[in-house]
Amino acid sequence: MSGIAGIVRFDGGPTEPALVERMTAAMSFRGPDGIRHRVEGAVALGHCLLRTTPESLDEAQPLASDDGRVLLVLDGRVADPVELRRELEGRGVRLRDRSDAELVLRAYELWGPDCLRRFDGDFAFFAWDARSRTALCARDRMGNRPFHYHWRDGVFAFASDLRALHALPWVKRELNEGFLAEALADEWLSREETFWTGIVRLVAAHRMVVGANGSTPERYWSPDLEAPLPARKESDLAEAYLVILTEEVRRASRSHAPVAIEVSGGLDSSALFSLAARLEAKGSFPAPGLEGTTLLIDDGSTADELDYARAVARFVGQPLREVPPTRMPQEWYRERAEAFLDFPGYRNGAMFVDLRREARSRGC
């Protein structure tokens, strides 16, 4: 994931460029393909770029409209870029490049906050409108991309990572004991709170217009619980679901590099890997390659799923890379918690560290 950060002073005073530079430096790992900033008076924005799609090769953020009225930083991508590009161009919009950030910027210029109804994907973005002196903040429907923010004395700051906000001198490191209790009890009740008093999360499927008088998050999307089924027969329902799932796998696999899929042998990962392999065989896979990878656990324990994963690989005719699970010492979890200022994750999640590291080393 890329990273976004920014500061807006609604008291009219200028924002020091060094402040947003401190924020992006705190999450520089999100920007292996470059870190850029833009400061326009009271507004300072930063972007840490990780290129993942062919279109992102054209990307250079923060992005500005032709007249400089709208500034944008985006972490994420649009799931339906072809359709959105066609609709925008049909309305006379001139797109300057093929990046998803350009699509989001132009959609905001054309439709304002209602642009969120026009596209799907996984994203978090901030769009500043100099004319109205307001900003639109938004997070994708499932909350795949993070968005944290902090208000104090007319100054609004936001960032992908908690530690980027803690890089600001006025953000106090005061522990939110109520949220800590939820985390330790594994009873998640709060959707907006974080481990730190004063730092808030924008909830999934919510948008927020920010102005001098404050902000009010609002839901912009919810699943239609009354949607009619596409068919009545079970076999027809299965076929309809297969079409939907195949299209989602295709959209999610848009990449300028080979895509690695973790295969456990379970139904979900097996289905995704099989559909990706089918798309690749048909020449419809939107990436230059596909790899299957799995954890090498062959001790006969309940975690040993190697036979199932190998069976899936044989079925789809794809090789399977087997990587031993990572075993981290307790100190590693402490160091990550101190570095990221967030919950360090459960122990079984660390098993995949070397698997992902090896996939990255092969350019996936």
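# Notebook: salt bridges, sheets and cores

Entry 1. I looked up Glu247 and found it partly exposed, at 26% relative accessibility. The model I am reading is a predicted one. Arg250 also counts as partly exposed, at 31% relative accessibility. I checked what joins these side chains and found a salt bridge, 2.6 Å from N to O. Arg250 and Glu247 sit three residues apart in helix H6 (residues 234-252), so about one helical turn separates them. I noted the general point that side chains of opposite charge can pair when their charged atoms come close.

**Entry 2. Other salt bridges.** How many salt bridges does a search of the whole structure find? I wrote down 30. One of them joins Arg94 to Asp66, with the closest N and O atoms 3.4 Å apart. Arg94 is in the loop between H2 and H3, and Asp66 is in the loop between E4 and E5, so this pair ties together parts that are 28 residues apart in sequence. Arg94 is exposed, with a relative accessible area of 53%. I then found both residues in a network of salt bridges that links Asp66, Arg94, Arg96, Glu102, Arg106 and Glu109.

I also looked up Asp153, which forms a salt bridge with Arg152; their closest N and O atoms are 3.4 Å apart. Is Asp153 buried or exposed? Asp153 counts as exposed at 65% relative accessibility, while Arg152 counts as partly exposed at 40%.

**Entry 3. The six-stranded sheet.** I traced an open, antiparallel sheet of six strands in the order E4-E5-E6-E7-E11-E12. Strand E4 (63-64) and strand E12 (214-219) are at the edges with a single partner strand each, so one side of each has no neighbour in the sheet. E5 and E6 pair in the antiparallel sense over nine bridges. In that pairing I found Gly121 of E6 as the bridge partner of Val78. Helix H3 packs on this sheet and touches E4, E5, E6 and E7; its direction makes about 125° with that of E5.

**Entry 4. The cores.** I looked up the largest nonpolar core, which has 25 residues. Leu72, Cys115, Leu116, Phe119, Phe123 and Phe125 touch the most other members. At least two residues of this core come from each of strand E5 (70-78), helix H2 (81-90), helix H3 (100-111), strand E6 (121-129) and strand E7 (134-139). Which of these gives the most to the core? H3 does, with seven residues. Another core, of 21 residues, lies apart from this one; Cys48, Ala157, Ala164 and Leu341 are among its members.

I listed contacts of Phe123, leaving out residues up to four places away in sequence. Among them are Leu74, Leu116, Ala138, Arg145 and Tyr220.

**Entry 5. The three-stranded sheet.** I found an open sheet of three strands in the order E13-E14-E15, with parallel pairing. E13 and strand E15 (320-323) are its edge strands, each pairing on one side only. The twist averages 30° from one strand to the next. E13 (residues 259-262) and E14 (residues 290-295) pair over four bridges. Ala260 has Glu291 as its bridge partner in E14, and Ile261 has Gly292. On strand E13, Val259 and Ile261 form the covered face, while Ala260 and Glu262 form the uncovered one.

I then followed the chain through E13, helix H7 (residues 267-281) and E14, which make a right-handed β-α-β unit. H7 lies across E13 and E14 and runs at about 160° to E14. Helix H10 (residues 353-361) lies across E13, E14 and E15, running at about 130° to E15.

Notes. Residues numbered from 1 in each chain as written. Predicted model: local features only at pLDDT ≥ 70, side-chain atom pairs only at ≥ 80, totals over all residues. Heavy atoms only, no water. Core = buried A, V, L, I, M, F, W, Y, C linked by side-chain atoms within 4.5 Å. Buried < 20%, exposed > 50% of the residue type's maximum accessible area, 1.4 Å probe, protein only. Contact = heavy atoms within 4.5 Å. Pairing = 2+ DSSP bridges. Right-handed = clockwise from strand over helix to strand, strands pointing away. Axes fitted to C-alpha atoms, helices over the stretch in contact; angles between N-to-C directions. Salt bridge = Lys/Arg side-chain N within 4 Å of Asp/Glu carboxyl O.
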